[in-house]
Amino acid sequence: MNSVKDVWTNVLGHMKNDLSETTINTWFDELEAVDIQGNTLRLYCTNDFKKGYVESLFMKNIKAALKDIFSMDFEVVILDAPAYEELQGAGQKQQRDRFTSDEFTFETFVVGPSNKLAYSASMSVAEHPAQNYNPLLIYGNSGLGKTHLLYSIANVTRKKRPTSKIVYIKGDEFINEFIELVRAGRGGEFRSKYREADLLLVDDVQFVAGKEQVQNEFFHTFNNLYETGRQIVLTSDRPPSEMTLLDDRLRTRFEWGLLADIAPPEFETRVAIVKNKAAILGMELPDNVAFTIANRVTANVRQLEGTVNKILAYKDLLGSSADEETVNQAMQDILNRTVTAPSPQNILSYIGKHYSIEVDIIRGQQRIRNAVVARQVAMYLIRNMTHLSLDDIGKEFDNRDHSTVLYSIQQVEKKMKKDPVFAETIKDIKTNITSQS
């Protein structure tokens, strides 16, 4: 089954076991399958009388057929004309809003020596897609403006080429969507979405490294788009040469175009970012206040902008002026904040996705091979990335005692010493969890 239409054809075929062909032809001829998300199938019926009749008499047959096909319970919604138009418009509006926002444009991106190459390259691919830099891969730490540039490219594309099909996805969401649709037998729908794009934007592409099936799918998608002259823009927290679990064939392709890094902004650029954000918010900051912020927040554009947002909040809500005292109040939590450790739940969630195992199974007692490995890796990372004691870690795993936790940690450490590939896998997992925190 490659699409929602294929699913509906299959459903109709299953219902022939219980309903006559005449019944199906009479009552289902004006129903069209338009959407399937999770375990909800949406149908559209142009005839309100038939819609009501199917809802009252045949809904149980449709749900039974879906359960036979997918081995899970489904909800079924039949849309009338206004609801169908709203469904169609909602998806289009969400994308239009994302790609036409005045907040994320090249005009609002503050350029400095640390990001000039990435900015110029992004402008180039927006103006002349698939001509000079394809793919364009922008890499750098979190919070430096990589996503801003992706949205800016989409913004220009939407204005200059309004019929272009733009697809934006985060690397971890690409993985989740691939797994969900392939499991549901809708791999063709997944491929169509990405291989028909005129502009493919993938944020945090490093997440696909180490996932064999996902990398294979991405490889073929990349080739299809590249060979048909469509633009690909990727962002990552590191260059391809440092993605140790990335397939060589993908690494080669990522390096075909241009690699552009973004580094933390230098002082003058930080001052410009602060003043620019204040101007966008309709607030004028004295030079000494902008200098204070730029001196004290040095590595992250989001923190610079967050400080300005907070100063505005103090000004509007408390009547404070934009002076040194207000800056100190606004920056107090940022300056006192150390790198936030991920929670055990965040670590378990990522491990579950990485190994394709339910978190409850990782926490539990099952001894199947993949579950044991995932459980040991989770214990090792929780120990290394949080401040939890062995006893507290054991409580996260069905109240295991501290000796069991210690044994699991030691097993991971031994394997890392013997197996360089496994050690790199753990390193990549740890990096990706940190970047999500």
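Predicted model: local features only at pLDDT ≥ 70, side-chain atom pairs only at ≥ 80, totals over all residues.
Let us start with two neighbouring strands: strand S2 (residues 40-45) and S3 pair in the parallel sense over five bridges. Helices (H or I, at least four residues) and strands (E, at least two) are DSSP runs, numbered from the N terminus, and two strands pair if DSSP finds at least two bridges between them. Residues are numbered from 1 along each chain as its sequence is written, and side-chain values use heavy atoms, with hydrogens and water left out.

Now look at the whole sheet around S2. Three strands make up this open sheet, in the order S1-S2-S3, and the pairing is mixed. Its edges are strand S1 (31-37) and strand S3 (75-79), each pairing on one side only. From one strand to the next, the twist averages 25 degrees. Axes here are lines fitted to C-alpha atoms, for helices over the stretch in contact, and angles run from 0 to 180 degrees between N-to-C directions. Helix H4 (residues 59-70) lies across S2 and S3, running at about 130 degrees to S3; contact means heavy atoms within 4.5 Å.

Inside the order, strand S4 (residues 136-139) and strand S7 (residues 231-236) run parallel and are joined by four bridges. Leu 136, for instance, has Val 233 in S7 as its bridge partner.

Helix H9 (residues 187-195) and helix H10 (residues 212-227) pack at an angle of about 40 degrees, with their axes 10 Å apart. That makes H9 oblique to H10: angles under 35 degrees count as roughly parallel, over 145 as roughly antiparallel, 65 to 115 as roughly perpendicular and the rest as oblique. Where they touch, Phe 190, Arg 191, Tyr 194 and Arg 195 in H9 meet Glu 217, His 220, Thr 221, Asn 224 and Leu 225 in H10. These contact residues divide into three nonpolar, three polar and three charged. Here Ala, Val, Leu, Ile, Met, Phe, Trp, Tyr, Cys and Pro count as nonpolar, Asp, Glu, Lys and Arg as charged, and the others, Gly among them, as polar.

Helix H18 (residues 369-385) and helix H20 (residues 402-418) pack at about 95 degrees, with their axes 8 Å apart. H18 and H20 are therefore roughly perpendicular to each other. Residues on the H18 side include Met 379 and Tyr 380, while those on the H20 side include Ile 409 and Met 416. By class, this contact of H18 with H20 has eight nonpolar, three polar and two charged residues.
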